[in-house]
Amino acid sequence: MKEFSLNLKTRLKSVYGRHNVEFMAAAVGMLVFILVYGYKILNPMNISWMYHGLSTDFTQHYLGWKGFRNSAWTFPIGLMDQLTYPDKVSIIYTDSIPIFALFFKLFNPILPDRFQYFGFWGILTYALNGVFASMILKRYLKSKLNVILGSLFFIFSFQMLERMYFHSALAAHWLILLPIYLIIIRRELSLKKKILLWGIVGALCPLIHSYFILFDGIILAGFMLAVIIDRDGMEDSNKKRLIAAGLSFLSFVLVGLFTLFILGAFDNTVADLNGSVDNFGLDLNAFFNEMGAGYFPEVFSYRKGHRIYYLGAGIIILTMITAIQIIRHKDWDFFKKRKNTIIAIAATYILALIVACSPTITLNGNVIIHYPLPELVKNIWSVFKNTARTSWVCIYLIFLFAICADYKYVSRELKTSFLIFAFLIQFTDISPYLIERHGKIITETNVKEFDPHLGTDFLDNLIATHGIKHFVLGPTYDPGPFKFLTGYAMSRHLTTNVFRLARGNSKDVKAEFKKALYNPNTESLYILKSEDADYAFDDCGINWMETEGFIIGIVGEW
């Protein structure tokens, strides 16, 4: 036993010695998360921050998890029937981070009724962003200090920061950095490792958020190009290189499709996957347009979409410094030695930018190019809809260029001064938004989980007296008042008929609600807001009463 303990200690020391910079970057990421978002959201029983109005997305994600844990296990395993009863819907359509939802559902019998894992997810995401950023940067930068300083840009990226406040699954930008890292280390990967690693990436995308299928698919295209044109890799012939690229592609696609199937993505009769790509293209000024969120004066007055595509003043300045260093030294041999990697990354950048901007490419609101898409391409593309987010791939490639591309010419000390200078500007630039959001996320709130108007005592008595098992909400789903009623229903293991899904509902909610009213049952409580009184039909066999801004109805006498 003593010998085993010594061997384990030696191995752990060896692992830490080889990867201490990654451990440090992970620790920095976790520390930043706590400073930015506070420590209270790490309490798994603290759910008030998911209800108090910072974002209705938080409530959607939490209630998606509640509905999933309340549902019986099925096959495919990602389906639930508690939120859209009697229809089933996959956990992926509530953006509730399926990999965590599945894991914690295994322990559902011993978990407290109020339990959320989104705080855990947040701190893990920040740690992993630091880890994968440092894994890339340490292959180029000459000191551990500079690797950590460079990692700070990724940890404080405006894109990740903003998404974590609203849509925490999409804050997992380490899942963009991981496949970029695979491009960089491709020569060190055997065929088996290429297949295995891309299979893992293919599984992780739908297990976290399906948008990453698009992001990482684009990076995979760059990886395949790098493998095919690289004569210095593991594969020593054109045929073997083509096979390696093709099998990497198949691994990513087939494992991704299988994971989607297991999660129930294809058993969809509720979520709306239709959409238009025409209204979500990236304007080319977005990388430099802080949309009113930055510290420095605005350069562009034209605003389109979100502010989550802004590079930040520090990275913009650091990019210019790096470009000047490269031009000044004119060491083109350095780039020739890395030609294949540069070609692959450049191709990845161009492809990601085209997808992000298309089908209408604009600059400051002025149309530069517009081209029609074939109907098949448009239908597939519309599944992702907001393809402007693909520009995140471009943003992180710009980060890598700004931080690393001049490392051959700059001393450690000078590089350190560049990174500190640029980061101070970057942090100053995002500080107003950071402070404002930090104040909101840590603010104590008196908002409860359940609706303040229809009190729990009233509903508990009503359910016990009339044997209620289902809430029928309508005629549309209002995430304001209805989220509290949904929360109450989930806490009492009741079902609801409609819920706010990530892409909306494919069914006509009003028509379905009206149909339910004219086919009432004794185990349902029918709830609509007072302004929808027109739907309280007298001839449907339901007895109605008005209370606290709602009209509620049952079959039978009150």
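Predicted model: local features only at pLDDT ≥ 70, side-chain atom pairs only at ≥ 80, totals over all residues.
Trp-198 and Phe-252 are both buried, where buried denotes a relative accessible area under 20%, exposed over 50% and partly exposed in between, with a 1.4 Å probe and protein chains only. Residues are numbered from 1 along each chain as its sequence is written, and side-chain values rest on heavy atoms, with hydrogens and water left out.

Of the 558 residues in the chain, 54% are buried. The chain contains 19 helices and 9 strands; these are DSSP runs numbered from the N terminus, with helices (H or I) of at least four residues and strands (E) of at least two. Contact is defined by heavy atoms within 4.5 Å. Among contacts between residues at least 6 apart in sequence, 75% join residues at least 24 apart. Gly-38 is located in the loop between α1 (2-37) and α2 and is buried, at a relative accessible area of 11%.

Helix α3 is largely enclosed by the rest of the structure, because 6 of its 8 residues are buried. The buried positions in α3 are Pro-98, Phe-100, Ala-101, Leu-102, Phe-104 and Lys-105. Their cover includes α2, α4 and α8 (191-208). For Lys-105, the charged end sits over the ring of Trp-73, at 4.5 Å from the ring centre; this description requires NZ of Lys or CZ of Arg within 6 Å of the ring centre and within 35 degrees of the ring normal. Arg-389 likewise places its charged end over a ring, that of Tyr-211, 4.8 Å from the centre.

Aromatic pairs were then examined. In general, a pair of aromatic rings is described by the distance of the centres and the angle of the planes. Rings of Phe, Tyr and Trp (its six-membered ring) were paired if their centres lie within 6.5 Å, with planes under 30 degrees apart counted as stacked, over 60 as edge-to-face and the rest as tilted. Across the whole structure, 39 aromatic pairs were found. In one of these, the ring centres of Phe-100 and Trp-121 are 5.4 Å apart and the planes lie at 80°, so the pair is edge-to-face. Because Phe-100 belongs to helix α3 and Trp-121 to helix α4, this pair ties together parts that are 21 residues apart in sequence. Phe-100 is buried at 14% relative accessibility, and Trp-121 is buried at 2%. The pair of Trp-198 and Phe-252 is also edge-to-face, with 6.0 Å between centres and 85° between planes. It links distant parts of the chain, with Trp-198 in helix α8 and Phe-252 in helix α10 (residues 238-262), 54 residues apart.

Helix α4 (residues 118-137) packs with helix α6 (residues 158-166) at an angle of about 170°, and their axes are 12 Å apart. Axes are lines fitted to C-alpha atoms, for helices over the stretch in contact, and angles between N-to-C directions run from 0 to 180 degrees. The two helices, α4 and α6, are therefore roughly antiparallel, a class comprising angles over 145 degrees, as against under 35 for roughly parallel, 65 to 115 for roughly perpendicular and the rest for oblique. In the contact, Gly-122, Thr-125, Tyr-126 and Asn-129 of α4 meet Met-160, Leu-161 and Met-164 of α6. The residues of the contact of α4 with α6 comprise 4 nonpolar, 3 polar and no charged; nonpolar covers Ala, Val, Leu, Ile, Met, Phe, Trp, Tyr, Cys and Pro, charged covers Asp, Glu, Lys and Arg, and polar covers the others, Gly among them.

Backbone geometry was considered last. Most residues other than glycine have a negative phi, and most peptide bonds are trans. A cis peptide bond, with omega about 0°, joins Phe-75 and Pro-76; Pro-76 lies in the loop between α2 (56-70) and β1 (79-80). The bond from Gly-474 to Pro-475 is also cis, with omega near 0°, and Pro-475 is placed in the loop between β5 (470-474) and α18 (481-491). Ile-97 has a positive phi, near 55°. Ile-97 occupies the loop between β2 (89-90) and α3 (98-105) and is buried, with a relative accessible area of 0%. His-493, in the loop between α18 and β6 (495-496), has a positive phi near 60°.
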